[in-house]
Amino acid sequence: YRISRDGIDWEVPNPDDPWSNIGYWGDHQIVYLGRLLEATRRYLPGDLERHLGRAWFSYADVPYRIASYEETVSDPKSTVHFDEAAAMRSSERVEALGEDGRLLWGPDGQVVLVTLLEKLLVPALSKLSNYLPGGGIWMNTQRPEWNDANNALVGHGVSMVTLYQLRSYLRLLTRIIEDSRLADADLSVEVAHWLDTIVGILRANEAVVGDELTGEQRKAVMDELGRAFSSYRMRLDRPAHVSQVSVPTRRIVEFCKIAGNHLDASIRLNRRPDGLYHSYNLVEFDSDGSAAHLGHLYEMLEGQVAVLSSGFLTAEEKVGVIEALFSSAMFRP
C-alpha cells in the first residue's frame, strides 16, 4: 500500500469504521511502475539493465489472501480476505527485527531475495491471469482501478484501460530485457512454472480471438488463466520462493510477444463506431458457468488516454482518436 522511511504499510480491517477496507488500486501496479521504469531509463541509463539479473530484491509479506478462482467466479465481489494469523506473525517479526519483519522470510531465517526480472514479471503475469479475451482485464478485487468510483465495477467490470497500459508495459519489459543482453536469469520455481503455464494457454488459444469469438470460448480461456493463477497462489502456501531456476530471457520475450498479440486482438475489437475506444466493459456469466458475455459502458476519457499511450495506434489513428474526442459526448466548449 505504501513504502516510507518507516517501512512498508498496508491497510487492516477496522470493525468500527464502515469505510474501512483493504487493498490498493491494482492498475497502479502497471501504469505507475511503467512510468517509473521509463523515467529510470531516461535519467539513469543502464541501471535497470545492469540490475535485471541480480537477486537483490524482496517481497512484502502482505497478509491478504485472494480466493481461489472457483470462489472468485462464484462471488466476484468478495475475493480478498485478511489473514489475522499472518498479520500477527509479521508484527512479531517487526518487534524482534525491525521493519524488515514485514518482508517475506524464508525457512532459513533470511529475507527471500529474487531478481529484478522476477519482480517486473509478476505484475504482468497477474494481470494476464485475469485477462478476458475481447473484453480487457477482469476487475475482481477491492479497489480494482484508479479511483474509488471504480469500486462499483468490482466483480463485473472488465478494464480495457489496464489492458492498454499492460500492452505498453510488455513492450517496455521487452526493451529492457533486450538492452540488457542478459541470456539467462533466475526465477523462483513457482514463478517459472506460472510463466510456462500462461504461455502455454495463450499459445494454445491464439486463434480464439477476433470477431467470431463466442462467449463459451471466452469463458474457457478465462477459466484456464484464472486456474493457473489460483494454482500459483496455492503453491505459495508452501515455503515460498525457496528454490530458483535459471530461465532463458528469450522465453520471457516470447511471453511478451504472445501476450501482446492477444491484447492487440482485443484492442481491435474495442474500437467504437465513433472512432473512440471502449474504456470499461461488463461481463455476465451464464448460470451454468459455460459462457461469459460482454456489454459496453459509455465512453470515458481515461480509455482514450490509455489507448493513445499503448503503442498500438499509428500516428494517423492517434489523430483520428483526438478528432473523435471533439465530436464526442465528452466534449464541452
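Residues are numbered from 1 along each chain as its sequence is written, and side-chain values use heavy atoms, with hydrogens and water left out. In this predicted model, local features need pLDDT of at least 70 and side-chain atom pairs count only at pLDDT 80 or more, whereas totals for chains, interfaces and linings use all residues.

Salt bridges (a side-chain nitrogen of Lys or Arg within 4 Å of a carboxyl oxygen of Asp or Glu) come to a count of 14. One of them joins D179 to R41, with the closest N and O atoms 3.1 Å apart; because D179 lies in helix α6 and R41 in helix α1, this pair ties together parts that are 138 residues apart in sequence. Helices are here DSSP runs of H or I with at least four residues, numbered from the N terminus. D179, at 45% relative accessibility, is partly exposed, as is R41 at 22%, where partly exposed lies between buried (under 20% relative accessible area) and exposed (over 50%), with a 1.4 Å probe and protein chains only.

A salt bridge also links R251 and D196, at 2.6 Å from N to O, and since R251 belongs to helix α9 (residues 249-269) and D196 to helix α7 (residues 189-204), the pair ties together parts 55 residues apart in sequence. R251 is partly exposed at 28%, and D196 is partly exposed at 39%. Through salt bridges that share partners, R41, E49 and D179 are joined into one network. The side chains of R2 and D9 likewise meet in a salt bridge, at 2.5 Å from N to O.

Definitions and conventions: Helix = DSSP H or I, 4+ residues; strand = E, 2+ residues; numbered from the N terminus.
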